[in-house]
Amino acid sequence: MTRTILESKTKTVTIGFDEPFCVIGERINPTGRKKLAAELELGDFTTVEKDALEQVACGATVLDINSGAVFSNKMAEDPRYADNNFVEPPLMRDLITRVQAITDVPLCIDSSVPAALEAGLEACEGRPLLNSVTGEEERLELVLPLVKKYNVPVVAISNDDTGISEDPDVRFEVAKKIVQRAADFGIPAHDIVVDPLVMPVGAMASAGRQVFTLVQRLRTELGVNTTCGASNISFGLPNRHGVNGAFLPMAIGAGMTSAIMNPVRSQEMEAIRAANLLMDHDANSMEWIKLSKVLDAMKEGATFAEASAAAASAGGRGRRRAR
C-alpha cells in the first residue's frame, strides 16, 4: 500500500489507502481574508495562532501554511512589497515558526513562490508536505529539485502550460507526467500526492463523477495518494456545507486519501468521521464516539471549535492522570 509520511518534530502522520482520511487545515491563508492580511502586515499573529489551535482541536492532522499576503500599506511606502518574491519568504518563516511553537502537527508549506517554499523548508522541523508543483515546465524545474534536496513529499496539481483542462483524461495525463518527471529526479511515487483538480459542480454537472473516476485511476494506475481543495466542488452554490458534506465521503469511497479543507465546520468533519468508520479506518469506532460527544456538547450551545477544544483538553488531563 502507498504511504506518504509527514512528520513534525514529535509526530508522524501517514497518508495512505488504508489510513484514516488526512484532514489538512486550510485556515492559515491570507488570500481573501483582509483582516488576517492586515494583521500580518502589522506583525500580529493572533489570528494565525487561534486558527492553528482551533483546527487541530477540530481534527486537522496537518496544517497548511500559506504566505500569499498582500501588504497594501507597506506597498505604498516601499515598492518592493508589490513583489511576492520579496514578501513571502520572510513571512513564511515567521508563520511556520509561530505555528510550530504552539502545535505539534506536521505542516504543509503552501506558496507559488519557490523562494518561499525553500524558506519554509528551512524553517520546518520534521518532514512537511510541499504545496505545490504543476505540470508546467518552469514549475517542474524549480520545485522538483527542492523536493529532492529536502527529501519531502509534494502536492502535484494536474494542470500544465495549457492551463486547467475540463477533460479528466487530460488531467490524468498531466499527473502521470509529473510522477514520471519526479522519478527522473529520484522522487518515488509514494511522495507524490496528486490534486486532480475538483471543478465546481454548479458550473459543470459532471464534476463530481469526473473527480471520483480520476481518483480511482490515480490510485490503481499510478499508485499515488490524492488530495483536493474540498470546497471547490460547491463554489457558487447555496448551502455549500451540505454539498461538501456529501462530496467528501463519496471521494473517500472512490479512494481519495486527504483534502485541504476547513476542519472547523462540523458538518464536513462529521461526514469524514462517518466515512472513516464505514471504511474500517476507525478502530473500535473510537473517533466516531469522541466526535459524538463533541456534537452532544454543541446541543448545549458550544461551538464546534469550543466543544472540540474542551474535549481535547479533557482527554489530555485523563492521559496525565493515567500515567
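Residues are described here as buried when their relative accessible area is under 20%, as exposed when it is over 50%, and as partly exposed in between, with a 1.4 Å probe and protein chains only. The structure is a predicted model, in which local features need pLDDT of at least 70 and side-chain atom pairs count only at pLDDT 80 or more, while totals for chains, interfaces and linings use all residues. Residues are numbered from 1 along each chain as its sequence is written, and side-chain values use heavy atoms, with hydrogens and water left out.

Helices (H or I, at least four residues) and strands (E, at least two) are DSSP runs, numbered from the N terminus. Met75 lies in helix α3, which covers residues 72-77, and with a relative accessible area of 31% Met75 is partly exposed. Contact being defined by heavy atoms within 4.5 Å, Met75 touches Val70, Tyr81 and Ala82 when residues up to four places away in sequence are not counted. Between Met75 and Val87, which are twelve residues apart in sequence, the C-alpha to C-alpha distance is 10.0 Å.

Val87 is one of the buried residues of helix α4, which also include Glu88, Pro89, Leu91, Met92, Leu95, Ile96, Val99 and Gln100. Helix α4 has 19 residues, 84-102, and reaches 27 Å from its first C-alpha to its last, close to the expected 27 Å at 1.5 Å a residue, where the expected span is 1.5 Å times one less than the number of residues. The buried residues of α4 pack against the strands β3 (22-28), β4 (62-66) and β5 (107-110), and against the helices α1 (34-41), α2 (46-58) and α5 (114-123). At the start of α4, the backbone nitrogen of Asn85 has a side-chain oxygen of Asp83 within 2.9 Å.

The axes of α1 and α2 come within 8 Å and cross at roughly 125°, axes being lines fitted to C-alpha atoms, for helices over the stretch in contact, with angles from 0 to 180 degrees between N-to-C directions. The two helices α1 and α2 are therefore oblique to each other, since angles under 35 degrees count as roughly parallel, over 145 as roughly antiparallel, 65 to 115 as roughly perpendicular and the rest as oblique. In this pairing, Lys35, Leu36, Glu39 and Leu40 of α1 meet Thr46, Thr47 and Val48 of α2.

Two strand residues were examined in turn. Thr226, in strand β9 (residues 225-226), is buried, with a relative accessible area of 1%; leaving aside residues up to four places away in sequence, Thr226 touches Val193, Val194, Val215, Leu218, Gly255, Met256, Thr257 and Ser258. Ala259, in strand β10 (residues 258-261), counts as buried at 0% relative accessibility. With the exclusion of residues up to four places away in sequence, Ala259 touches Phe21, Cys22, Val23, Ile24, Thr227, Cys228, Ala230 and Leu248. Ala259 and Gly229 are 30 residues apart in sequence and 6.1 Å apart in space, C-alpha to C-alpha.

Most residues other than glycine have a negative phi. Leu197, although not a glycine, has a positive phi of about 70°; Leu197 lies in the loop between β8 (192-195) and α8 (207-222) and counts as buried at 13% relative accessibility. Ser285, likewise not a glycine, has a positive phi of about 60°. The loop that holds Ser285 runs between α10 (266-278) and α11 (286-298), and at 27% relative accessibility Ser285 counts as partly exposed.

Technical notes. A polar contact is a pair of N or O atoms within 3.5 Å; within protein, one must be able to donate a hydrogen and the other to accept it, and residues adjacent in sequence count only if both atoms are side-chain atoms.
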